[in-house]
Amino acid sequence: FQSARALNIGFEAARHELVAIISQDAVPADNRYLEELAVPFLGANGFLLAGTYGRQAMTEGPPDPLGEKDLLTTYPPGASRDQAWPECWFVNTCSIVRRSLWARHWFDEGAVISEDHEWALWAQSQGYLVRYVAEAVV
């Protein structure tokens, strides 16, 4: 299994402009996460969005204070915002990507676990924004 290759195969088969991605181990916190990821594309600057990504929260289980601190720092609740180059933190754990931009620059199959970040940096270098959507939780 190679995640960038799997994504490229899926995107190649997709027929819509907005393609949703969710990792196999991500569980949506509610039934609105996908809608929350899509709504920013309808906003005033939606035409500038390359992609959106959601917030990752702790799973139930034994307490993990360091893991929780990392998630809260990386994915702050209530802090949705656009990111422009060179600021970039984009992950495919829970995201939507604009297919027309992917068609111009596929996910890098040589990247190791960072194909999503590399793709977002490329999109930002082309003048597009990436939006963190804190309300879309997995």
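Seven aromatic pairs turn up in this predicted model, where rings of Phe, Tyr and Trp (its six-membered ring) pair if their centres lie within 6.5 Å, with planes under 30 degrees apart called stacked, over 60 edge-to-face and the rest tilted. Here are two of them:

| Pair | Centre to centre | Angle between planes | Class |
|---|---|---|---|
| Phe 11 and Trp 102 | 5.3 Å | 35° | tilted |
| Tyr 53 and Tyr 132 | 5.3 Å | 40° | tilted |

Phe 11 sits in helix α1 (residues 3-13) and Trp 102 in helix α4 (residues 99-104), 91 residues apart. Tyr 53 in strand β2 and Tyr 132 in strand β5 are 79 residues apart.

Phe 11 and Trp 102 are both buried, meaning under 20% relative accessible area with a 1.4 Å probe, protein chains only. Tyr 53 is buried at 1%, and Tyr 132 at 2%. These four belong to one aromatic cluster, along with Phe 90, Trp 106, Phe 107 and Trp 119.

A polar atom of its side chain lies 2.9 Å from the backbone oxygen of Leu 37. Thr 52 also touches (heavy atoms within 4.5 Å) residues including Phe 90 and Arg 131.

As for bookkeeping, residues are numbered from 1 along each chain as its sequence is written. Local features need pLDDT of at least 70, side-chain atom pairs count only at pLDDT 80 or more, totals for chains, interfaces and linings use all residues, and side-chain values use heavy atoms, leaving out hydrogens and water.

Methods: A polar contact is a pair of N or O atoms within 3.5 Å; within protein, one must be able to donate a hydrogen and the other to accept it, and residues adjacent in sequence count only if both atoms are side-chain atoms. Helices (H or I, at least four residues) and strands (E, at least two) are DSSP runs, numbered from the N terminus. Buried means under 20% relative accessible area, exposed over 50%, partly exposed in between (1.4 Å probe, protein chains only). Lists of a residue's contacts leave out its neighbours within four places in sequence.
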